[in-house]
Amino acid sequence: MGGLNPFLCHMGKLLLLLLLAPAITSGQPQNGVTVSQFTYNGELEDIQWLGPDKKQVVFITTNQEVYFSNDEGTTFRDLSSELCRLPKVKDCKVTKIVTSGNNWVFLQGSGENHFISENRGSTWKKTAPLPYSKDIVPHPDAGNLVLATALSPKCERNRPRSSSSSSELGEKYCFKALYLSEDSGNSWRMIQSHVISFDWLINAGKKNKDFRSSSAEINPKSLIVSAIQPAHRQRDQRFGYWTPWADLLISNDFFKTEKVVVPGGNRFLFTPKFIFVAQVRSALSHAGSTEINLMMSIDFGESFYSGKLPFTLAQKSYTVLDTSEDTVFMHVNHGSENSPYGHVYISDGLGARFSLSFRDNHRNKDGKCDFEKVIV
């Protein structure tokens, strides 16, 4: 957290104690630490330090209130009351803080109102309405480019029609749509429907150990998106299920054109060396018998290959445990997707061939495993 260490103390109302710079000498206790106290309602939900010097602090509470400091936490102001006074704001409750590598900060609201600052919290403005947004992903370099997902109006039967998120398809079917803003949230347009997962492809380059040279090869506008195939969009989207009717797509022009890079690709993960994709194999995807194949790429989605396991067993779910040593350490469930036990495998340097590391590793329903790394 940028060198600042937060401590929380529950005493009716929570007290936020921030360790401030040791250079401050006035009133310091003997241990050289100055303590500032600030009282607020609720419990701490999320806190972010902003900018390269980490002098600005913003946090939200379980009451969906937001507070801001411009002096490393020495003093805070109630930002919620300021947001409520902005023009045409009906609801100023905040559920999430989203930041990027520049001065850009996004406060995701609980309804259609969201807020953005382009100067590390000094001033705020309301974005264009985007009801029932789910995820916000700013471009890591270009602050004006923002991706967001939102549910279509059909998903919320009591929701009023909104011009920013309505379409004939969205009124008829329930699905998660992908929106793009090219003006820091002043306007949104839908660029893809029936989306499962999404990201800026350049974020894969940022994760890569050699991203300073390799990310230059990635088009800054490239998107990687898993979405339901067009032939299967004339229906409500099922959330939280594997489906053979999804593809992993890459587009370099905001979906004027697109390329299928992994047929059946449902979900993906960026790690420092790989892009992992969970591919549903349609031949075995009837009810209760979904088989998953793990695909991976080391060239930012230009090509994908499948890792070879030592056993010819059906693969029902994966947990990628660790990739820090240039190999893949992975838990695989063979019995069923929700099985509490699976085998752990370790790969070669390319992630192409795996060998059994040990059997019967416990995995809970959230994907957490008893053993997450092997030190060789």
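My entries on strands and salt bridges follow.

**Ground rules.** I am working from a predicted model, where local features need pLDDT of at least 70 and side-chain atom pairs count only at pLDDT 80 or more, while totals for chains, interfaces and linings use all residues. Residues are numbered from 1 along each chain as its sequence is written, and side-chain values use heavy atoms, with hydrogens and water left out.

I looked up an open sheet of 4 strands and found the order 4-5-6-7 with antiparallel pairing. Strands here are DSSP runs of E, at least two residues, and helices are runs of H or I, at least four residues, numbered from the N terminus. Two strands pair if DSSP finds at least two bridges between them. Strand 4 (44-50) and strand 7 (77-78) sit at the edges with a single partner strand each, so one side of each has no neighbour in the sheet. Strand 5 (residues 56-61) and strand 6 (residues 66-69) pair over 4 bridges, antiparallel. I noted that V57 has S69 in strand 6 as its bridge partner.

Is strand 22 (residues 292-297) mostly covered or open? It is mostly covered, as 6 of its 6 residues are buried (buried means under 20% relative accessible area, exposed over 50%, partly exposed in between, with a 1.4 Å probe and protein chains only). I292, L294 and M296 point one way, N293, M295 and S297 the other, and all are buried. I reminded myself that in a regular strand the side chains alternate between the two faces of the sheet. Strand 21 (residues 275-280) pairs with strand 22 over 6 bridges, antiparallel, and V277 has M295 as its bridge partner. Strand 23 (residues 305-306) also runs antiparallel to strand 22, joined by 2 bridges; there, M296 is partnered by Y305.

How many salt bridges does the structure hold? I got 5, counting a side-chain nitrogen of Lys or Arg within 4 Å of a carboxyl oxygen of Asp or Glu. One of them joins D53 and R120 at 3.2 Å, N to O. D53 lies in the loop between strand 4 and strand 5 and R120 in the loop between strand 10 (115-117) and strand 11 (125-126), so the pair ties together parts 67 residues apart in sequence. D53 is partly exposed at 37% relative accessible area.

R77 and E82 also meet in a salt bridge, at 2.5 Å, N to O. R77 is partly exposed at 29% relative accessibility, and E82 is partly exposed at 26%.
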